[in-house]
Each structure stands twice: as C-alpha cells, then as structure tokens.
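Hi,

Here is the structure I promised to pass on. My notes follow below it.

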Amino acid sequence: EDAFVFRSLIGGTETEVWPWSGGNEMLLDASELHGLCFGSQNAAVFINKDMTRCTSSSSATFGSPMLVSPHRVAEGAAASSVQECGKETADFELVAFEVFALQ
C-alpha cells in the first residue's frame with residue numbers, strides 16, 4: 001500500500017499521485033532479459049533491459065493514465081521525444097533514473 005506512481009508535466013502546476021489500487025499484486029517485475037516493469041499488463045512504466053527506452057500506459061495496478069504526454073513539449077524544444085504508440089501508451093527515451101525510499 002506504500003507503492004505509488006506520479007507525474008509532474010512540463011507547464012503543469014501540480015504533481016499528480018496514484019497509489020497502488022489493490023486491484024492486483026504486480027507492483028514490480030525485474031528481469032535481466034526484459035527490464036523493469038512497474039505494474040501489470042499495461043505497465044505504468046516499463047524500462048527496457050538496456051535502460052535506454054521506456055513506455056508508459058494507463059495502469060490498473062495504480063489506476064493511473066499514461067504518465068507522459070506526447071502533447072506537452074518543453075519551451076524551446078524542437079520536437080518531443082515522446083511518441084504515442086496507441087491510444088493509451090507512449091514511448092520515450094530514458095535520460096535519468098532515480099530510486100528513493102520514504103521512511
């Protein structure tokens with residue numbers, strides 16, 4: 001029940017948080033062959049095994065929409081690196097990865 005995903009979009013004024021929904025128990029799957037998956041089926045965040053690309057989808061595990069938006073681009077940026085892969089999935093480049101624990 002302490003697991004959550006969040007997003008803070010460029011140009012947004014707030015951080016949105018989605019705690020674990022309790023709908024399933026697949027919070028994290030880690031594999032040398034496939035990568036990291038946060039959430040089941042449609043993962044809130046999936047990071048490939050090389051830690052270079054990610055996808056985000058609407059997730060039943062957290063009751064969240066996709067966590068990135070291909071429609072919001074940083075000011076001055078030529079184009080977004082976020083590509084829509086379907087109605088509820090986006091693909092993007094991983095540029096930083098942080099892990100932290102709250103106590």
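F46 stands opposite T55 of strand β6. The two strands here, β5 (residues 45-48) and β6 (residues 53-57), pair in the antiparallel sense over 2 bridges; strands are DSSP runs of E, at least two residues, numbered from the N terminus, and two of them pair if DSSP finds at least two bridges between them. Their hairpin has 4 residues between the strands, and M51 there takes a positive phi near 55°.

This is a predicted model, in which local features need pLDDT of at least 70 and side-chain atom pairs count only at pLDDT 80 or more, while totals for chains, interfaces and linings use all residues. Residues are numbered from 1 along each chain as its sequence is written, and side-chain values use heavy atoms, with hydrogens and water left out.

On to the other partner of β6: strand β8 (residues 89-93) runs antiparallel to β6 and is joined to it by 5 bridges. In this pair, S56 stands opposite A90 of β8.

What about the cysteines? C37 is buried, with a relative accessible area of 15%, and C54 is buried as well, at 2% (buried means under 20%, exposed over 50%, partly exposed in between, with a 1.4 Å probe and protein chains only). A search of the whole structure finds 0 disulfides, a disulfide being a pair of cysteine sulfur atoms within 2.5 Å.

Lastly, F6 is found in strand β1 (residues 4-7), and F6 is partly exposed, with a relative accessible area of 43%.

Best wishes
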